[in-house]
Every structure is written in structure tokens, then in C-alpha cells.
Amino acid sequence: MSEALTAGAAPSLRVVLVDDHRLFRAGVRAGLAGEAGLEVVGEAETVADAVIVITTTQPDVVLLDVHMPDGGGRAVLAGVGAAAPYTRFLALSVSD
């Protein structure tokens with residue numbers, strides 16, 4: 001459980017954005033910016049950077065691109081392994 005919930009403050013959902021398109025990440029970040037209770041705590045555009053950001057920040061949710069040039073969503077999940085046990089992953093794709 002997050003510290004915000006245990007401290008009696010308003011719940012905050014900590015989110016990391018993983019996509020190899022900077023413009024897409026910027027759009028998602030902008031879309032989430034006005035949402036109460038959401039905080040974007042990190043971004044990554046490569047598998048290696050995603051693993052570092054996720055294991056370092058321990059977000060509640062990762063919005064994860066399933067198709068990236070260096071391995072995509074499966075590679076991120078394999079790299080994170082059990083290092084972020086409470087993190088949930090939401091797969092994103094513009095592919096059919």
C-alpha cells in the first residue's frame with residue numbers, strides 16, 4: 001500500500017510511461033496531468049531505461065508499449081522480474 005494511503009492523504013496512483021515515441025508519451029502525460037490522484041513518476045523509451053525506472057520508482061501502474069524496437073513489453077516484464085512485486089502493467093498498442 002502506498003504511503004499516501006497510509007498517511008491519510010488523498011490517494012495517489014503513481015504511474016510510469018514506457019513507449020519509444022516521445023510525442024506519444026508527452027500526450028499521455030499531458031492527458032493525465034489534470035487527473036486528481038494520478039502522478040507520473042517516470043518515463044522511458046527503451047527496455048533498459050524502463051527496467052531502471054520501474055525498479056527505482058516502484059510505481060503502482062506502468063503504461064507499457066508492447067511493440068518497441070529493442071524488445072517491447074515482454075522484454076520489460078522479463079527485465080523487471082520480481083523487482084517490482086506490487087506494480088501492475090497495462091499493455092498499450094496501436095497495432096491490430
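Is R25 buried or exposed? R25 counts as buried, because its relative accessibility is 6%. Buried means under 20% relative accessible area, exposed over 50%, and partly exposed in between, with a 1.4 Å probe and protein chains only. The views below come from a predicted model, in which local features need pLDDT of at least 70, side-chain atom pairs count only at pLDDT 80 or more, and totals for chains, interfaces and linings use all residues. Residues are numbered from 1 along each chain as its sequence is written, and side-chain values use heavy atoms, with hydrogens and water left out.

**View 1. The whole chain has four helices and four strands.** Read from the N terminus, the order of elements is α-β-α-β-α-β-α-β. Helices (H or I, at least four residues) and strands (E, at least two) are DSSP runs, numbered from the N terminus. The protein chain holds 96 residues, and 31% of them are buried. Contact means heavy atoms within 4.5 Å. Of the contacts with a separation of 6 or more, 70% join residues 24 or more positions apart.

View 2. A salt bridge is a side-chain nitrogen of Lys or Arg within 4 Å of a carboxyl oxygen of Asp or Glu. By this rule the model has four salt bridges. E43 pairs with R25, with the closest N and O atoms 2.9 Å apart. E43 is partly exposed, with a relative accessible area of 28%. R25 also meets E45 in a salt bridge, at 3.4 Å from N to O. E45 belongs to the loop between β2 and α3 and R25 to helix α2, so this pair ties together parts 20 residues apart in sequence.

**View 3. E45 also forms a salt bridge with R22.** The closest N and O atoms of E45 and R22 are 3.4 Å apart. This pair links distant parts of the chain: E45 in the loop between β2 (38–44) and α3, and R22 in helix α2, 23 residues apart. How accessible is E45? E45 counts as partly exposed, because its relative accessibility is 29%. R22 counts as exposed, because its relative accessibility is 57%.

**View 4. D19 is buried yet has no salt bridge.** D19 lies in the loop between β1 (13–18) and α2 (22–33). Which side chain of opposite charge is nearest to D19? That side chain is R25, 5.6 Å away. Here Lys and Arg count as positive and Asp and Glu as negative, while His and the chain ends are not counted. The side chain of D19 does reach the backbone nitrogen of H21, at 2.8 Å. Setting aside residues up to four places away in sequence, D19 touches F24, R25, A44, E45, D65 and M68.

**View 5. A search of the whole structure finds one cavity of 30 Å³ or more.** Rolling a probe the size of a water molecule over the atoms shows where empty space is left. On a 1 Å grid over the protein atoms alone, a cavity is a set of points where a 1.4 Å probe fits but cannot get out, and lining residues have an atom within 4 Å of a point. Grid points are joined across faces, edges and corners, and a volume is the space filled by probe spheres set on the points. The largest cavity holds about 40 Å³ of space. Its lining consists of L17, V18, D19, F24, R25, V28, L63 and L92. β1 and α2 each supply at least two lining residues. The largest share, three residues, comes from α2.

**View 6. Q58 has a positive phi, near 50°, in a residue other than glycine.** Q58 lies in the loop between α3 (47–57) and β3 (61–65). Q58 is partly exposed, with a relative accessible area of 33%.

**View 7. R88 belongs to strand β4 (residues 88–92).** R88 is exposed, with a relative accessible area of 52%. Leaving aside neighbours within four places in sequence, R88 is in contact with D60, V61 and V62. R88 and P59 are 29 residues apart in sequence and 8.2 Å apart in space, C-alpha to C-alpha.

Notes: A polar contact is a pair of N or O atoms within 3.5 Å; within protein, one must be able to donate a hydrogen and the other to accept it, and residues adjacent in sequence count only if both atoms are side-chain atoms. On a 1 Å grid over the protein atoms alone, a cavity is a set of points where a 1.4 Å probe fits but cannot get out, and a pocket is an open set with protein on both sides within 12 Å along at least five of seven lines; lining residues have an atom within 4 Å of a point.
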